[in-house]
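Keep the view open as you read.

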Amino acid sequence: MRRVITILSLLCCLVSVGGCHRRPLLEPDNRAVLQIKIQCQEIRNVTTGIYNEKVPTPEFHTDVMRVLFYNEAGTHLLSEGFLSDKHIDEEGNQVMTGNVMLAHGNYRMLAYNFDTPSTFIRGEEQWDGITAYTQEIPDSKYRSLNSRALADERIYYEPDQLFVVSEPNLKIDAHSDITTISVEAKPIVETYYIQIRVENVEYASSAVAVLSGLSATNAIGENTRNGEESSALYIELHKSTDENIEGENKDVLCGVFNTFGRVEDAPSNLYITMQAMTREGEYAEKTIDMTSVFLTEDARERHWLLIEDVWELPVPINPPGGGGGGFNPEVDDWIDEEVVVPIS
């Protein structure tokens, strides 16, 4: 009997040792901290390489980053969330931070700044289908643009600055503590400065431009622009001066605009049509072939579209201050009067 008890005790010890060997000391932790640094220090015509300091450059800030996780093949959207905790690092970049839950494995991750009023996203279900685009201008604006050069182009609003994190091979190893994922969001939108010299610019009350030969969308997963569909962009212009111009007249119409990029293989239909409305409500229009402008070093290296042509705006029949008729209302000085108002 004593021998049987001894054998049973030895068997219990062996089972106990085997159990300790197979049980993990710590359970795998799925918690992670995601940090996204938004790289905005080297954006041409926004934070660096500015041609005309008099023209306001677009300011960028975001309060929300949208994050999407796909399976390894990118065919299925597994989860999504938003990051809203923000701080500024020592280089002046915004850093968005948030907590995520990720089991160990291989993923594709995409993130972009969510608060973009003019830029929209579609096709989020798959990695290679998620696309950024903008709205087409309304019919009322089409009717105000009479240029035949743009008859076959659809015209869209310019996109906002869009900063994207694209990680096609995100590997999460098994970990027993909170892990940190640090990535960088980079701009996928190009910013250009455009300028044309103008005579009699003082007679223009407003001016817009429509630039064709540009991509209408961008597939942000792979950062590929739409090279099959050429579109046009609606751009607002401003009055300014360029001190680099020789001679007395340094007046220009100019603007800073964003685009998904130029369609490289598009035919020579890179035209800009500018319209300036005079104070009498009449439109003056000029169409310029932009093919040679895009080939200049300034355009290729610095994204400066500097048009050498001089646009001479017509002088109004009745220029301001000319006294050429019309109704000129005048108001006499105020006369103070004290009146008792009866209340019944």
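How many helices and strands does the secondary structure of the chain come to? There are 4 helices and 21 strands. Keep in mind that this is a predicted model.

Now take the chain as a whole. It has 344 residues, and 42% of them count as buried. Among contacts with a separation of 6 or more, 72% are between residues 24 or more positions apart.

Next, look inside. Rolling a probe the size of a water molecule over the atoms shows where empty space is left. Here the count is 2 cavities of 30 Å³ or more.

Start with the largest cavity, at about 60 Å³. Which strands each supply at least two residues of its lining? They are β9 (155–157), β13 (204–215) and β16 (230–236). β16 gives the most, with 3 residues. The lining includes Tyr156 and Tyr157, Leu214 and Ser215, and Ser231, Ala232 and Leu233. Thr134, Pro159, Ala216, Thr259 and Phe260 also line this cavity. By class, the lining has 8 nonpolar and 4 polar residues. No charged residue takes part.

Then move to the second largest cavity. Its volume is about 30 Å³. Asn45, Ile50, Tyr51, Asn52 and Thr57 line it, along with Tyr193 and Val256. This lining divides into 4 nonpolar and 3 polar residues.

Conventions
Residues numbered from 1 in each chain as written. Predicted model: local features only at pLDDT ≥ 70, side-chain atom pairs only at ≥ 80, totals over all residues. Heavy atoms only, no water. 1 Å grid on protein atoms, 1.4 Å probe; cavity = no way out; pocket = protein on both sides within 12 Å on 5 of 7 lines; lining within 4 Å. Points joined across faces, edges and corners; volume = space filled by probe spheres on them. Nonpolar A, V, L, I, M, F, W, Y, C, P; charged D, E, K, R; others polar. Buried < 20%, exposed > 50% of the residue type's maximum accessible area, 1.4 Å probe, protein only. Contact = heavy atoms within 4.5 Å.
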